[in-house]
Amino acid sequence: MPALSKNPLILGIETSCDDCSVSLVQGYQKVHVLLLDSQHRVHRDYRGIVPELASRNHSKAIFHMFKDLQKKALDCGIDLGRDLDAIAVTNRPGLSGSLLVGTQFAKGLALGYNIPVIPVDHILAHFFSYRIEHDEAYPAIACVVSGGHTLFGIAHDPLRIEIVGRTLDDACGEAFDKLATFYNMGYPGGPVIDRLAQNGSPKAARFSKMPIPKNSYDISFSGLKTAATVHRSRHWNSEFEFSHEHLCASFSHVAIGMIIDRIRLLLQKEHKKGIKTIVFGGGVAVNTNLRKEMEILAREYSVSVLFPSLQYCVDNAAMIACLGCYMYQSQSQKNWNLDFGVQARVPAYRSQKGRK
């Protein structure tokens with residue numbers, strides 16, 4: 001590999017699920033271009049993501065998005081053929097067809113430009129997304145809360161995250177989507193439930209929280225989801241007339257409360273070791289209740305809580321390019337292997353046997 005730039009220009013490509021995104025990032029915090037094509041309109045009628053439709057739409061969108069990125073780059077005075085240092089692309093985890101589109105497109109570009117292509121783990125990129133707008137903060141308590149993942153960990157550096165808790169079934173965002181689908185509120189469900197919850201009472205339903213297991217911070221949303229759908233009447237307080245607003249407020253209060261409870265206990269343990277920063281990533285990180293509760297927790301323990309902006313919480317190529325920049329500068333892998341798959345193969349997912 002030739003001499004590395006101290007401020008590399010990285011092209012990011014993200015096609016792990018149903019969002020297609022390309023971005024051009026200089027270093028860590030200079031986002032020259034960020035383009036995102038959401039497929040919500042495609043999957044709305046199915047009330048969920050159809051993998052085949054997702055990959056087909058990626059194939060249609062990605063070339064045109066890259067051409068738009070080239071034009072916008074020229075407007076910024078950037079010639080990709082001359083200035084681009086590397087391409088970072090999501091290679092796992094995700095839908096295999098969608099990942100195939102992004103990785104093969106990245107390979108073709110890398111061959112044409114004669115530059116390296118860097119495989120980036122989508123979850124690690126979510127953990128690292130705060131870095132686009134904030135200075136580096138390690139070690140830190142790191143949380144990814146999205147439609148496909150709910151993870152709690154201790155981040156020692158961008159590629160070394162000790163996972164101490166995860167969802168045992170549905171991810172938090174997936175539980176929101178399923179509730180919204182059951183009551184025909186709209187798709188995707190997370191933003192709809194967040195909006196409706198602001199006009200409801202969290203005391204309208206007596207939903208129960210899943211207790212925190214011994215020696216782990218694992219979480220489960222399946223019981224809450226079942227209670228809110230099949231057994232709603234058993235938990236409803238008679239003084240409240242049923243409405244979507246009350247239901248969403250109660251559901252969100254308990255779902256976010258379980259997340260806060262685990263972060264609180266994790267903070268009580270790790271704060272003694274000098275960790276004073278909590279970082280968030282993932283689409284549910286835009287949830288109004290989550291941000292409010294974390295502000296309270298931050299004041300209580302005198303810690304910093306770093307949330308990405310909305311555009312960097314959802315699946316986006318800027319976070320892929322940002323982590324790719326770190327990998328490029330640190331040369332974390334001398335021989336990058338651009339295979340793809342639905343599972344992750346990074347140190348963040350190593351076994352936690354013997355954890356105390």
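Reader: What makes a residue part of the lining of the largest pocket, and which lie nearest its centre?
Author: A pocket is an open set of points on a 1 Å grid over the protein atoms alone, where a 1.4 Å probe fits, with protein on both sides within 12 Å along at least five of seven lines; a lining residue has an atom within 4 Å of a point. By that rule 37 residues line the largest pocket, and Asp18, Ser146, Gly147, Gly148 and Asp177 lie nearest its centre. The model is predicted, so local features need pLDDT of at least 70 and side-chain atom pairs pLDDT 80 or more, while totals for chains, interfaces and linings use all residues. Residues are numbered from 1 along each chain as its sequence is written, and side-chain values use heavy atoms, with hydrogens and water left out.

Reader: Which elements give two or more residues to the lining of the largest pocket?
Author: They are β3 (30–38), α5 (122–128), α6 and α7. Helices (H or I, at least four residues) and strands (E, at least two) are DSSP runs, numbered from the N terminus. The largest share of the lining, six residues, comes from α6.

Reader: How many residues of the lining of the largest pocket are charged?
Author: Eight are charged, against 13 nonpolar and 16 polar. Asp, Glu, Lys and Arg count as charged; Ala, Val, Leu, Ile, Met, Phe, Trp, Tyr, Cys and Pro as nonpolar; the others, Gly among them, as polar.

Reader: Why does His246 count as buried?
Author: Buried means under 20% relative accessible area (exposed is over 50%, partly exposed in between; 1.4 Å probe, protein chains only). His246 has 18% relative accessibility, so this residue counts as buried. His246 lies in helix α10. Beyond its neighbours within four places in sequence, His246 is in contact (heavy atoms within 4.5 Å) with Gly200, Ser201, Ala204, Trp236, Phe240 and Glu241.

Reader: Which residues of helix α6 are buried, and what puts them on the same side of α6?
Author: In α6 (residues 172–182) the buried residues are Cys172, Gly173, Ala175, Phe176, Leu179 and Ala180. They cover an arc of only 160° around the axis, and therefore sit on the same side of α6. The arc is that of the directions from the helix axis to the C-beta atoms. These buried residues pack against β6 (140–145), β7 (150–157), α7 (189–197), α8 (222–229) and α10 (244–270).

Reader: What makes a set of residues a nonpolar core, and which have the most contacts inside the largest?
Author: Such a core joins buried Ala, Val, Leu, Ile, Met, Phe, Trp, Tyr and Cys residues through side-chain atoms within 4.5 Å. The largest has 53 residues, with the most contacts made by Met185, Phe207, Ile259, Ile263, Ile278, Phe280 and Met294. To this core α10 gives the most, 13 residues.
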